Amino acid sequence: MKNIVIVGGGAGGLELATFLGNKLGRKQRANVTLVDRNQTHLWKPLLHEVATGVLDAETDAVSYRAHAFNHGFHFEQGSISRLDRTNKYVELEPVIGQEGKPIVVARRIPYDYLVIAIGSRSNDFNTKGVKDHCIFLDSPDQALRFQNRMLELFLTFAENNALVEIGEDDSQQKLVEDNKVNIAIVGGGATGVELSAELFNAAQHLSSYGYGKIKDGHLNVTLIEAGDRLLPALPERISESVQKELEELGVSVKTQTMITEATPNSLITKDGTEIKADLMVWAAGICVSPITQQFDGLELNRINQIHIKETLQTTVDESIFAIGDCAFLLQKDGKPVPPRGQAANQMATVCGQNIVALFDNKPLKDFSYFDKGSLVSLSKFTALGNITTGKKTSMTIEGRLARLAYISLYRLHQQKLHGCFKTGLIILIGRLNRFIRPSLKLY
């Protein structure tokens with residue numbers, strides 16, 4: 001029986017493992033194995049909600065092991081360290097426990113067909129101090145780190161306000177004027193924009209949960225973008241509308257502003273301006289882990305993406321596929337397939353069909369990316385975007401309709417993983433939790 005190994009349990013990787021497990025694993029036509037460094041899966045576009053506590057990662061995360069059991073594939077926890085194309089195996093690093101000791105040794109996983117779906121991460125462009133002083137939002141662990149730091153800042157704010165109320169001298173009055181929560185976000189893409197809005201939603205809830213009276217001006221959010229506008233992937237009119245909405249919330253938007261250094265409590269711009277911040281997030285640009293350089297001669301581009309053909313097979317080895325953000329494929333118009341969630345989903349579908357076709361001795365399909373549009377959610381306040389209605393036409397939507405369309409993207413991902421019935425139950429449980437759980441995760 002042939003071995004299919006999928007490295008990376010993101011949106012595309014997990015959907016692919018689910019499809020192949022149901023199609024080939026359950027029928028004993030292949031051993032399907034999913035490899036990921038984490039034990040659970042969380043849809044990456046939701047990480048900004050985890051960061052603010054609006055979403056509880058422990059409630060919404062999918063256990064890889066349980067999901068594998070239910071869908072006919074195997075799960076191996078670990079990070080890939082090497083690829084041997086001659087002997088057809090991937091090598092995994094040991095899994096280290098909380099006490100710093102190896103709990104699972106290094107392993108070699110043989111494959112007949114390999115799919116690389118390791119996604120991407122934020123690109124700091126080697127900017128001085130960013131790795132040391134900024135938080136990235138590439139994983140649930142990083143999002144939880146942000147949330148813990150955010151809660152600490154709001155708790156300090158509340159304690160300072162409580163001290164001020166005891167006395168009335170000038171020094172205490174100055175303290176209340178300076179008592180602010182300063183957060184800076186670098187990157188005017190979807191993550192930066194959605195996180196900015198979600199922070200104001202979180203602040204409203206924290207005011208009700210004993211974190212002090214957070215009024216206008218107490219939360220100081222600065223959103224920094226090197227380009228000339230926010231959300232460059234969206235039409236300019238939507239970018240302008242999003243910026244207007246954010247500024248009305250209280251976000252200080254700075255476009256055409258390049259960051260050249262991060263210090264413990266500030267960001268330094270190219271012109272030498274210092275932007276003070278107690279908490280800094282870097283969400284600008286993407287790159288792929290340099291581990292791809294250890295993938296035994298696969299063709300890479302400058303940000304370590306793997307070159308692939310229209311069939312999603314790599315250019316130098318037809319037994320290896322790559323999908324999602326880590327894959328580089330030029331479209332017929334000469335532009336690369338964008339590193340977006342919908343591209344990963346579409347690639348997962350075609351890749352699954354092509355691997356099944358190999359088992360059935362049928363011809364492979366070429367991948368053609370269809371841009372369904374882009375949506376951005378400004379928390380509970382509003383949502384905006386455009387959806388494609390034809391090959392060359394699109395429609396701009398906003399408000400409640402855009403919010404429903406935005407939510408439906410996640411529901412479609414859940415439907416591919418769990419099916420319609422279970423997804424319906426998940427939605428029902430989510431609605432019940434609104435009455436049982438606090439509006440914000442506070443720990």
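The model is predicted, with local features needing pLDDT of at least 70 and side-chain atom pairs counting only at pLDDT 80 or more, while totals for chains, interfaces and linings use all residues. Residues are numbered from 1 along each chain as its sequence is written, and side-chain values use heavy atoms, with hydrogens and water left out.

Q: Why is α1 called roughly parallel to α10?
A: The axes of helix α1 (residues 11-25) and helix α10 (residues 341-359) come within 8 Å and cross at roughly 30 degrees. Angles under 35 degrees count as roughly parallel, over 145 as roughly antiparallel, 65 to 115 as roughly perpendicular and the rest as oblique, so α1 is roughly parallel to α10. The axes are lines fitted to C-alpha atoms, for helices over the stretch in contact, with angles running from 0 to 180 degrees between N-to-C directions; helices (H or I, at least four residues) and strands (E, at least two) are DSSP runs numbered from the N terminus.

Q: What makes up the contact of α1 with α10?
A: Contact means heavy atoms within 4.5 Å, and the residues that meet include Leu16, Phe19 and Leu20 of α1 and Ala348, Ile355 and Val356 of α10. The residues of this contact divide into 11 nonpolar, four polar and two charged, where Ala, Val, Leu, Ile, Met, Phe, Trp, Tyr, Cys and Pro count as nonpolar, Asp, Glu, Lys and Arg as charged, and the others, Gly among them, as polar.

Q: Why are α1 and α4 called roughly parallel to each other?
A: The axes of α1 and helix α4 (residues 64-71) come within 9 Å and cross at roughly 30 degrees, and α1 and α4 are therefore roughly parallel to each other. Leu14, Thr18, Gly21 and Asn22 in α1 meet Tyr64, His67 and His71 in α4, and the residues of this contact divide into two nonpolar, five polar and no charged.

Q: How do you know that phenylalanine 73 counts as buried?
A: Buried means under 20% relative accessible area, exposed over 50%, and partly exposed in between (1.4 Å probe, protein chains only); because its relative accessibility is 4%, phenylalanine 73 counts as buried. Phenylalanine 73 is found in the loop between α4 and β5 (74-77), and among the residues it touches, not counting those up to four places away in sequence, are Leu14, Thr18, Gly21 and His67.

Q: What makes valine 50 buried?
A: Valine 50, in helix α2 (residues 47-52), has a relative accessible area of 1% and is therefore buried. Not counting residues up to four places away in sequence, valine 50 touches Leu42, Leu55, Ala57, Ala143, Leu144 and Gln147.

Q: What is the largest nonpolar core made of?
A: A nonpolar core is a set of buried Ala, Val, Leu, Ile, Met, Phe, Trp, Tyr and Cys residues joined through side-chain atoms within 4.5 Å. The largest has 54 residues, and those with the most contacts inside it include Leu20, Ile116 and Ile355. The largest share of this core, eight residues, comes from α10.

Q: Why does glutamine 28 count as exposed?
A: Glutamine 28 lies in the loop between α1 and β2 (30-36) and counts as exposed because its relative accessibility is 56%. Phi of glutamine 28 is near 60 degrees, a positive value in a residue other than glycine. Most residues other than glycine have a negative phi.
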